[in-house]
Amino acid sequence: MSLLSAADQQKLREAFDRMTRSVRLLFFSQAIGCETCGETRQILDELRGLSDRISVEEINLVLEGDKAKQYGVDRAPAIAIAYESGSSEPGGSGESGRSGESSGSGGSSEASSTGDGRMSDTMKDSRIRFLGAPSGWEFVSLVQAVLLAGGRESALSAASLDRLRAVDRPITMQVFTTPT
Amino acid sequence: MAFASPHITATAVEATEFPDLARKYQVSGVPKTVVNEEVEILGALPEAAFIEQALSSPRQ
């Protein structure tokens, strides 16, 4: 049974249709001791089904520890949001070369880009993470983060964006929430 | 905010699933934001005030 109602699915489809970049959800899971990994997997599978621009890559926290480290993830379930960098960004490479299915495991290596919303392997980290199953309000936040990574304009004011662009040191923010 | 600056990483943590983290950062109400392990922002603030507080954290 699906977690999302038909009406919600339709609303999300319409919102995702306006995305101009592909988004990849990196799902860090582990087989043992992760009570909500199953629920998270189902939520992400449903999201993926709503847009060609959304893909999910499941990464085993234990077996693929290097990748988890690369994203600063040490718990499961966790989601890191990456997005296609390329032609839709000013100053982007705008390569027109295309290939079919990407080979290899993605990661930081450069690979060919694709057009028409197909997944490029030059994915950029949005530095937005979710720890815990994205249900309840977290789901709303996840959808907003996907739309933002997918090309929607920031909801922040121009003054705020200027302020943030001037940041020149690492800042790590943890936002604690509960599902209800 | 993370999307606006390459230096900012933001993680939404589901507090009930990670009670050890909630304890470590003494989360007694949500939302609670912890910046660079030090600055604590309780509740929801107006955008400008939130950003000022978040950026007030000392250098690590």
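Guide: Two strands are said to pair if DSSP finds at least two bridges between them. The model is a predicted one, and that rule can be applied to it directly.

Visitor: What makes E5(A) and strand E1 of chain B a pair?

Guide: Seven bridges join E5(A) to E1(B), residues 8–14. The definition asks for at least two, so the strands pair. They run parallel, and within E1(B), Thr9(B) is the residue opposite Thr172(A).

Visitor: Which elements of chain A give two or more residues to the side that touches chain B?

Guide: In total, 35 residues of chain A are in contact with 35 residues of chain B. Strand E4 (123–131), helix H4 (137–149), helix H5 (158–165) and strand E5 (171–177) of chain A each give two or more residues to that side. E5(A) has the largest share, seven residues. By class, this side of chain A has 15 nonpolar, twelve polar and eight charged residues.

Visitor: Why is Gln26(B) called exposed?

Guide: Gln26(B) has 9 C-beta neighbours inside 10 Å. The limit for an exposed residue is 12 or fewer, and therefore Gln26(B) counts as exposed. Gln26(B) is found in the loop between H1 and E2 of chain B, and its phi is near 50°, a positive value in a residue other than glycine.

Visitor: Why does Asn36(B) count as partly exposed?

Guide: For Asn36(B) there are 17 C-beta neighbours inside 10 Å. A buried residue needs 20 or more and an exposed one has 12 or fewer; 17 falls in between, so Asn36(B) is partly exposed. Asn36(B), in the loop between E2 and strand E3 (39–42) of chain B, also has a positive phi, about 45°, although it is not a glycine.

Visitor: Where are the cis peptide bonds from Ala76(A) to Pro77(A) and from Val30(B) to Pro31(B)?

Guide: Pro77(A) lies in the loop between helix H3 (65–70) and E3 of chain A, and omega of its bond from Ala76(A) is near -5°. Pro31(B) belongs to the loop between helix H1 (19–24) and strand E2 (32–35) of chain B; omega from Val30(B) to Pro31(B) is near -5°.

Visitor: How confident is the predictor in chain A?

Guide: Chain A averages a pLDDT of 85, and 81% of the residues score at least 70. Over residues 88–120 of chain A, however, the pLDDT is below 50. Where pLDDT is low, predicted coordinates should not be read in detail.

Technical notes: Residues are numbered from 1 along each chain as its sequence is written. Chains are lettered from A and ligands numbered from 1 in the order in which they are written. This is a predicted model: local features need pLDDT of at least 70, side-chain atom pairs count only at pLDDT 80 or more; totals for chains, interfaces and linings use all residues. Two residues are in contact if their C-beta atoms, placed from the backbone, lie within 7 Å. Helices (H or I, at least four residues) and strands (E, at least two) are DSSP runs, numbered from the N terminus. Ala, Val, Leu, Ile, Met, Phe, Trp, Tyr, Cys and Pro count as nonpolar, Asp, Glu, Lys and Arg as charged, and the others, Gly among them, as polar. pLDDT is the predictor's confidence in each residue, from 0 to 100.
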